[in-house]
Amino acid sequence: MQDHIPACFTSGEKPTDDPTAITRSGQSVFMSVYRTKIADQCRLITVTWCKNLLLHGLSVSVDGVEGHDSQYTCKVELKPWYFWRKQGYKRFLVDGKSVDIFWDLKSAKFNGETEPMSEYYVAVVCDEEVVLLLGDLKKDAYRKTGCRPALIDPILVSRKEHIFGKKKFCTKIKFHEKGRLHEISIECKNRNITNGLSNNGVEPELEIRIDGHLAIHVKHLQWKFRGNQSFNLNKLRVEVYWDVHDWLFSPGLRHALFIFKPLLTSPLSTSSSSPSSSPLSCGSIEGINGGSADFCLFLYAWKVE
């Protein structure tokens with residue numbers, strides 16, 4: 001169940017994918033993947049925000065032609081003493097066409113989060129069109145780039161978050177573009193038992209809450225450490241997949257994986273969980289997507305003792 005964490009920072013140290021080193025630095029990572037048209041091709045744009053004790057990092061990557069490993073990346077390090085790096089642009093060529101990344105983060109409000117909450121923009125420009133625009137300073141972005149909005153709106157394909165905690169893990173997410181922001185909290189609890197079913201008298205349970213309301217409650221987690229279950233959120237049905245095997249049975253620093261998949265038209269599936277099921281991976285989730293552009297949230301929860 002190993003999954004590399006992107007290294008967003010380069011100053012003062014070599015980039016590393018070692019989970020232990022990243023945890024010691026307190027780094028959290030949020031990755032959002034968008035699909036849109038760039039240089040006459042449908043491509044993926046990955047926007048990554050990183051945060052550790054010293055600085056914030058922003059990385060914008062544009063994929064090359066499908067089937068090739070080429071990728072074009074712009075990295076920005078937001079250090080308190082580097083004011084000039086908080087606004088600027090970078091240009092690179094994608095299949096012979098210019099792609100510009102514009103950003104203005106000099107007044108960005110992070111409010112303690114890894115991603116900025118307001119007062120910023122990040123824009124990707126190609127063929128005199130703004131193919132991707134993030135942030136609330138949209139007028140400033142169009143004025144700075146001098147370009148028009150793209151005719152094709154980008155689609156948010158997936159979001160990956162690496163977060164750290166001891167017992168409780170929280171994040172906020174929109175399950176669809178026009179929906180409201182929901183708070184997700186995940187907690188693994190130990191319930192004291194007296195019937196002798198556990199050697200140490202405790203039994204782990206998993207609780208997943210949406211906006212403070214209990215959505216999923218998994219008892220006997222030592223036997224159901226991998227599984228899936230659905231819950232209803234207004235008119236939306238959300239399927240949740242979990243794999244907490246390494247939390248329970250692997251020593252040292254390990255993460256659990258939670259996947260939230262909105263289902264707009266599929267019928268409610270019955271919940272299932274089995275210790276013999278294969279670990280969840282990005283490859284298996286692509287099968288769940290069925291090659292569509294439906295949104296999927298991957299949440300990697302790193303438990304720090």
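Of the 305 residues of the protein chain, 47% count as buried, a word that stands for under 20% relative accessible area, with exposed meaning over 50% and partly exposed in between (1.4 Å probe, protein chains only). This is a predicted model, in which local features need pLDDT of at least 70 and side-chain atom pairs count only at pLDDT 80 or more, while totals for chains, interfaces and linings use all residues. Residues are numbered from 1 along each chain as its sequence is written, and side-chain values use heavy atoms, with hydrogens and water left out.

The protein chain has 4 helices and 19 strands, which are DSSP runs numbered from the N terminus (helices H or I, at least four residues; strands E, at least two). Five of these strands form an open sheet of mixed pairing, in the order β5-β6-β7-β8-β9, where two strands pair if DSSP finds at least two bridges between them. The edge strands, each pairing on one side only, are β5 (87-94) and β9 (148-149). Between β5 and β6 the pairing is antiparallel and extends over 8 bridges, and here Y89 stands opposite F102 in β6.

From β6 (97-104), the reader can turn to the loop between that strand and β7 (121-126), where K109 is found. K109 counts as partly exposed because its relative accessibility is 44%. Leaving aside neighbours within four places in sequence, K109 is in contact with P116, M117, S118 and E119, contact meaning heavy atoms within 4.5 Å. The C-alpha atoms of K109 and Y120 are separated by 7.8 Å, although these residues are 11 residues apart along the chain.
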